[in-house]
Structure formats: structure tokens, C-alpha cells
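Open the model in your viewer and keep the selection panel at hand. This tour says what to select next and what is there.

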Amino acid sequence: MSTRAGSPVGRFLWNFRNHPKRELWFAWWVMVIFYQLYGVLFFLVTRVQPPASPAWDTPMVVQWFNDRHFGLLAGFGVVFLISGLCAPMNALLAYSMRRMSVSRVFGYSYLIMYSLSAIPGMFVMAIAMTVGALRPDRDSELIHWLFDFAFLSFSGTMGVFMIGSLVWLVAILIDKNGVFPKWFGYLGLCNALTEVVVAPAWIFQRGVFAWNGAIAWWINMVVFVTYTVCFIVLLRKMIEREDFGTGPLPDLPPKAERSQPDSVGSMQ
Amino acid sequence: MRRTDGELILFWTLPAIAIIWVSAFFLFPGFLHPMSPTMSTDEVAAFYRDETARIRYSMILFNWFGVGLIPMVILLAMQVRRMAHRTPIVSYSLIACAGGPPTLFLIANMFWLLGSFRPERSPELTQLLNDLAWITFTVLVPYLIAQCLLLALAIYWDRQEQPVFKMWVAHFNILVAVALAPAAFTALTFSGPLAWDGLLSFWVKNIAIAAWIVVMAVVLGQAILRRRVEEPVAA
Amino acid sequence: MTNLQEDSSTEQVDRKAAARFVPGQPDMWVFVLFESLLFTGYFSVYLIGRIQNRDLYLQSQADLDLRFGVFNTIVLLLSSWAIARCVQASREGAYRDALRDAFLTIGFGVAFLVSKVLEWVKEIRLGNTFTSNEFFQHFFFLTSIHLLHLLIGFIVLGVAVYQLWSPARRSQQLVETCATYWHTVDFLWALIFALLYVVR
Amino acid sequence: MSGTFNKRLAIVWLILSAMTLVYVWLDVAVDQNGTLKASTVVTVSAIIIALVKVRIIFREFMEVRHAPALLRRLTDAWVVLMAVCLLGSYFIGSALAS
């Protein structure tokens, strides 16, 4: 962030305490770390993603839980420990709307919706998976029910993400401060539509529309990842451009003039 | 005469909430000697059969007043707004956290109430509801941890002549966050301190929450009163 | 060309210099290209599913009424034509004509909507629902996700009408952006029609 | 200017509609007594006609004709990409199925 002299650690600590954009950078890094951890925990540790098949019979499901017993319990333990990280992340997204020329209503609505979405979209899933793995000797029909409960609450939490994306999209499109490029607003529509496309997961136990299907999961995942990568990069740009004013966000000066990127002296 | 803005009313609901929570805590038969995860299916079913009334009444109390902590978190978020920050990010984050713990607690609460609704059902089902309730109740820590860490960070960053909260409040919040952390891993074991009836996951966690409420209520009250003295005529 | 155009004024200088321009906000093209990529994904999944179960798809396809498909395609092409004329008229300052064309577009869109719903009703009467078989899963999925784009298109056309309505607004760029969206709805339908009704 | 342009749009619409009617002919030609028959020729021509229509809509209705080279090439690339994906799915799927 800064090119002041000194050891990297000292520089980091100094920036952490004094950098004029410390709160923004803090939230941005929390967001990056959250998504990294999220990927590692869901895909590698607990191995609940890519999702198991809803077409399996009960013994297969029990076997699936047994294969992942420790990974599920430990992985979701870490999920329970760290998922508070999504609060600063949502706060940063809400801040981006506060910086726009739109009503405060947008930022607060988005903040509440996305804070709410973590409960059915992540916690309920994690709790159901944990309880499913908790007692391997439990009646296998009940384990199967927990399996359905977990995957459906994860994939089938739709409205908050859909309306949340739409709120952000409208804010971006009518914003005059140029906080985000308009194309990201239109991409938000693609993201909102994935939540429509996933709805058949509640209906089908097999095929491309099931919760592990080519359309309801794989294509949606591609859109979600594209969208997420875009907004992480764009939020970074927003923070670099932030001038703490209320008018249009200034553009970044060309690279050559930025040999000392927002070092503190120049900011004050 | 200053306008009644109601901040103090909200603040003084806290002791009332605390008393109700403590009574409900003692009324629930499964807390004082926390139910062990090693209880057999039949023991769990018998517990819900024998203690139906106390489970129901205590959990109805919790259901009514479980969300009582939200005004306190919002009051804290408002204090954070007064700190020497350039953006409202930390107070937004606290607002984002505020609804989480009560919602998760309400889910646990519903599972307990469901368990006692038809205690004569198959013991397997009652055990499932009991597991869901205890796991949800024990792992509801993430937002509380985030709240503590965010408050600590906000206080560290609040460098002005008269900071809103003193530095020790930040250290105390870090300590509470550390005390809450082990509970997240409760599902890993049925016995020992990590189990949901164990020293770390039950006693340390719940005492830490209680201590946080008491201490933060006191410093919050001081901050609100100090501000009223400083700004006698609020705009 | 009003206040909304301010931020693209430099762009317009470029337009005159090069005599080449991107119609509407270039940003909308990101949506067009991304969304057509997504639909290509849906179509590929459909085609692969189709080949693995050819007879079922052929039998189910026999229940479709090509007349609905052709009617819908022509109506949507008419609407595309109308909105293209609308852009042209608005560019030349003939806002009354532009408004008329915008309303024509909406009218054709509504005709498509009505005919689509009638077709669904007919299929459901025949006993072909979303859960009947694989072909009808794809049929109802593709037609309804497309219809959703059409419904969003009505909002988009609403923006175009709003822009054309008052002399205080009339941002040519926004009108062109809206038209670009509407054409996307049209060409996606051209593909869906070929894949659902004609492919064997 | 307006007259020529509108005439051009009308012709484009006529061509696109005519291409739609080709489908009807394809549809009638391939079926025997109302039973639908699998046909690679029909499938491939249907996909190609649709993509040609898409390109015409790009070029004429969406005015890519007047757009900078980047957008012209990009849209053409997209049409090719869609063709590759759709025909590829069809042929690779057929190869795997048989």
C-alpha cells in the first residue's frame, strides 16, 4: 500500500494504524481472505463442493458422510469461527453504495439483505452437515434428510442474493459518481438471474437442473465466480480512487505519476 | 429541558433483559448441568418427556427476549460512529453482525421447543432435534467473535483527545473473542472441554458472553452519559 | 443530447472523427456477450442431453406446435425492427416517430408474451409440464428464462420511452442501450426457436 | 438518409422472416407422416441458419456495421464461438452416444 522506508512489518503496522484508508483496506483484505478461506474450506477441507448428487440412495449418502467425517466437523468448525468475516465485507459493499450519488436506502438495504443471507445460505447448511456427521450411528433416513436439508439450504437460498444483486445493480446504473463502471451493473443482472436458474434444484432429484446439475450448479458457479472476481477488483479500484468527498470519484492518475501510490503524505 | 431521544430507555432495558435471560437459563433443565452429548437416544427422549414443562416455559421466555441484545449492539454501533474514523465501515459491520446471533439462537430455540412439543415421538427424532438445538446454540459464536474484534479494532483506531472508549475495553473485547473461539469446534468431540457440555464450549463461552454484556453495558452507559453532559443541548 | 450525455461528450468527438461508434453504452455489450455465452452454455447442455436420449426428445418435440414458434419469431423480429427504427428516428430528432416505434415494440413484445403463455397453457393441457420429461424440462426452462429477459425488456423499454417522452431528457445513448438489450432478447429467441422446434 | 435507412431495415426484416420460413420447410420436409426423424442435416442447418440470423441482427439491427473494428471482430468471434460450442456439443455428443 505504501512505499515508506522501513521493514515490511513495521511498514504494515504503521499503515494499519495511520493509513487514511485503513478502514477501507481492512475491509477489502477481509473480503479477499474470506473468499480464499471459503474456497479452501468448502472445496478442499469439508469437500461439500462440488456438491454430492441428490440422486443417491441412503447408503451412499451415509457412506459420503463417513468418508468426510473429520473434514466436515473440523472444516465447519473453522467456518463457524471465521464466518463473522463477512460482516466487514458486506459493510464495504454497502459503503460503495454510500459513496454513490444514490439514497442511503440502497446501502442499508444491501447490508441487511446480505447479512441475513449468510444464515440460510451458509450457517444452516453448516449446522445440518455438522449434525449429519456428528453421529454416524444415527438412523440413516435421518442422515439422508440432513443431507437434503444442507444442500438445499445452500443452493436454494435465492431471494436475498437475487434482490441484493438487483439493489446494487440499480444503484450502480443510476449513480453519477462513477463508483463502478456500468458494465458491472449489467453483470449484476446476470448474477441475479443465476438465482432464478437455481430454483429447479428444489424440484429435481437428478439431471441438469438438480442441485449438482450442469445448469443449476456448474454454469451458475462460473457466473458467480466471474461476478465475485470483478467486484473484488473493482472495489480495490474504488478504494484507490477514494477521495472521501461526495462528488464524482476521481480517476486514477496514470501509472507513471503513481510511483508513490497513495503514500500518506500526499493524502493529507 | 433536553428532548427525550430514548437512548437511555433502550439502555435501561438491558438489566431487565439480563434478569429474564438469567431466570430462563436456570429454568431450562438442560443448562445448569448441561446435557451431555453422550446421552443415549432413550435418555434424551426421556429428558424431553420428563421435563417438558420447564423446557417449554424457559424456551418461550428465551423466544420472547432472545433478540433483546440487538439495541445494545446498535447503541455500540452509534458510539463507533462518534469515533475518529474516516468511514462508517466499522459501524456498518457492527450493524451487519447485530442480527446474526439472535437469529441463530432463535433457530436453536425452535428446535428445543419442537423437541418438547411431541415428546412421545420416536426417540431418534427427538435426539436429532436435540442435536440440532445444541449444535446451533453452541456454534452461534461467529458474529459475537466478529463483534468483539471489530469493537477492539474500532477502539484502537479511535485516536482522539477523549476517545469514546478507553483502551482496556479493546483488550477486554479481544479476550472475550478468544474465550468464544473454542466453542466453534464443539462438534469434534463428545467429551472433554470442547464437548458442548464441556468447560470451554459451555462454561467459558457462556460466562464470556455474560461478562461481555455486563462490562460493555457499563462502559456504554458511561459513554452515553458523558456525551449527554458534553452536549447538553442535542441538536 | 442532454445533460445525461455530458460524460460521453468526449466519446462523441471520437465518433465524428472516426465516423464509427458503438451504439449505446459500450457497457451493455459486456452484458450482451456474457449473456449469449451463458445461453450457449445452456444450449450445449441441452444438445448433449438430446443426443443421449434422442427418441424421447423427438417424441416430445412432436407435441410442440411449430405455428406458435414461427409466430413468436416473426413477432419478435417485428419488435426488433420497430426498435431499430425507433433508434433511427430518435437519432434524427423525430421524437414523435421514435415514441410511436417504441410503443410498437412494446406492443409486439406483449403479443409475444400472450402467445407464449397460450402455448404453455396448451402444452400443460396436453400433460407436458416442467417435470414431465427431460425435453420439457429444457423447453420450459429455456422459454421461461427467455420470457424473464423479455419481462426485464419491458422495464428497459420503459426507460427508453421515459427518455423519449420529455425534451428535457432524450439521451440518445440510453435509447440505443435499451435497443441493444431488446435485440439481445430477439436473437436469443432466434436460437431457442431453432434448437427447440427445428433441430432433429 | 432516413428513407434509405428505413428501407434497409425493412429488407433486413424481410430476409430474417424469410429465413424463419425456411425452418417451416425444413420441418415439413424431414418428417414422414407426422413422425419426427432424427437428422443431422436438419440439425446442422437449423443451427447455422439461426447463427446467420444472429449475425444479421448484430450487424444490421444492432448497428455493429458502423461500430469500431474491435466490436465487429468481437461479435463475429462470438458467432463463431457459439457455432463451435453448439455444433461441437452435437457432434461430440453423437460420437460419445454411438
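Helices (H or I, at least four residues) and strands (E, at least two) are DSSP runs, numbered from the N terminus. This is a predicted model: local features need pLDDT of at least 70, side-chain atom pairs count only at pLDDT 80 or more, and totals for chains, interfaces and linings use all residues. Residues are numbered from 1 along each chain as its sequence is written, chains are lettered from A and ligands numbered from 1 in the order in which they are written, and side-chain values use heavy atoms, leaving out hydrogens and water.

**Stop one: the largest cavity**

A cavity here is a set of points on a 1 Å grid over the protein atoms alone, where a 1.4 Å probe fits but cannot get out; lining residues have an atom within 4 Å of a point. The volume is the space filled by probe spheres set on the points, which are joined across faces, edges and corners. The largest cavity has a volume of about 690 Å³. Select A:Y38, A:F154, A:F161, A:E195 and A:F224: of the 32 lining residues, these are the closest to its centre. Next, colour α10(A), which gives the largest share of the lining, seven residues.

**Stop two: chain C against chain A**

Select both chains. In contact (heavy atoms within 4.5 Å) are 23 residues of chain C and 21 of chain A. Now show α2(C): its 10 residues are the most that any element gives to the side of chain C that touches chain A.

Conventions
1 Å grid on protein atoms, 1.4 Å probe; cavity = no way out; pocket = protein on both sides within 12 Å on 5 of 7 lines; lining within 4 Å.
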